[in-house]
Amino acid sequence: MADKRKVALVTGASGGIGTAIALRLAREGVFVIATSRDVARCRALCDEIEAAGGASVALALDVGKADSIRSLAARLGDCGAEGPVSWLVNNAGVALSAPLLAPESEALSTHHMQVNFHGPRRLIEVLAPEMVAAGYGRIVNIASSAGLRGYAYVAAYCASKHALVGYSRAAALELGPKGVFVNLVAPHYVDTPMTAEAITRLMEKTGRSEEQARRFFEEQNPGGRLVTVYEVADAVWELCAGEDNGCVVSLDGS
Ligand SMILES: NC(=O)c1ccc[n+]([C@@H]2O[C@H](COP(=O)([O-])OP(=O)(O)OC[C@H]3O[C@@H](n4cnc5c(N)ncnc54)[C@H](OP(=O)(O)O)[C@@H]3O)[C@@H](O)[C@H]2O)c1
């Protein structure tokens, strides 16, 4: 049975890791505000949550656009939740590849920074003041192993995730003493549509078979397999429910 006063906002809930996180939190009785650009897919997710006895609402949000974040904030008051957002999961992200010196580098860098860094930052700036006022909040930012090391051909992605890691560590120091804990989950390659696209791109560029391309990504992970969305969702749940602050939970397929 959902408690409408326990409210989590999840970005990028329409697919992959975000869907798994939304389902996991809803299963724990949390009211989930499921957001993404594709509100129809978020509504389908909410139907699934409600069929399982949970409670949720779907709201449109493009985290790459400041006005979309402002408009979402204005709609939170009458979205069906009976309390303020006390848990924020910044999951939405993009990962596009290109050689470092390609002509599209300017546009790619701007796009990755808008979605992967400024989106989470702006959401924190909009939602954390109420958490601080309440003396309680949990923020989990989904970074990546690419926020802690480099990978070739995804410099813009790596830069945006490094920015998110640095910002989150600083935010933990500032907000933690006020009861708002900020943590990161940094998965290596996860079995999601984002990785499926990377597999397809590798097949196109190198002529490898699907099996060979998938194996390539599995072997990039220290544990030799793709991380599952359920492992990421479990880590998010533990950080939301727990008392850690300023942690980076690395998931590497071990
Ligand atoms: N897959 C991996 O191997 C992996 C590894 C480490 C970290 N991560 C991180 O995990 C997060 C989720 O990745 P995933 O693999 O689940 O990706 P995915 O399957 O491609 O899903 C991405 C999600 O982000 C949303 N999104 C993209 N751009 C958005 C925008 N401008 N505004 C709002 N939502 C947006 C998409 O929703 P809409 O299209 O409906 O807007 C979708 O729900 C990302 O931050 C990613 O960097 C992934």
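Predicted model: local features only at pLDDT ≥ 70, side-chain atom pairs only at ≥ 80, totals over all residues.
Residues are numbered from 1 along each chain as its sequence is written, and side-chain values use heavy atoms, with hydrogens and water left out.

The protein is divided into domain 1 (3-188 + 232-251) and domain 2 (190-226), the bounds being taken from an automatic or database domain assignment. The C-alpha centres of domain 1 and domain 2 lie 25 Å apart. To the contact between them, domain 1 contributes 11 residues and domain 2 contributes nine residues, where contact means heavy atoms within 4.5 Å.

The ligand is surrounded by 30 residues, of which the closest are Arg 37, Asn 91, Tyr 157, Val 190 and Thr 192; a residue is counted as near the ligand if one of its heavy atoms lies within 4 Å of it. Both domains take part in this shell, with at least three residues drawn from each of domain 1 and domain 2. By class, the shell holds 14 nonpolar, 12 polar and four charged residues, with Ala, Val, Leu, Ile, Met, Phe, Trp, Tyr, Cys and Pro counted as nonpolar, Asp, Glu, Lys and Arg as charged, and the others, Gly among them, as polar.

Among the atom pairs between protein and ligand, an N or O atom in the side chain of Ser 14 is 2.7 Å from an oxygen atom of the ligand, and a polar side-chain atom of Thr 195 is 2.9 Å from an oxygen atom of the ligand. The elements giving two or more residues to the shell are α1 (16-27), α5 (155-175) and α6 (193-206), and α6 gives the most, with three residues; helices are DSSP runs of H or I with at least four residues, strands are runs of E with at least two, and both are numbered from the N terminus.

Asn 141, in strand β5 (residues 137-142), is buried, with a relative accessible area of 0%, buried meaning under 20%, exposed over 50% and partly exposed in between (1.4 Å probe, protein chains only). Its side chain makes a polar contact of 2.9 Å with the side chain of Asn 90 and another of 2.8 Å with that of Ser 168; a polar contact is a pair of N or O atoms within 3.5 Å, of which, within protein, one must be able to donate a hydrogen and the other to accept it, and residues adjacent in sequence count only if both atoms are side-chain atoms.

Asn 116, in helix α4 (residues 105-134), is likewise buried, with a relative accessible area of 1%. A polar atom of the Asn 116 side chain lies 2.9 Å from the backbone oxygen of Val 94, and a polar contact of 3.1 Å joins the side chains of Asn 116 and Ser 160.

Arg 214, in helix α7 (residues 210-220), is partly exposed, with a relative accessible area of 31%. Neighbours within four places in sequence aside, Arg 214 is in contact with Asp 191, Ile 199 and Leu 226.
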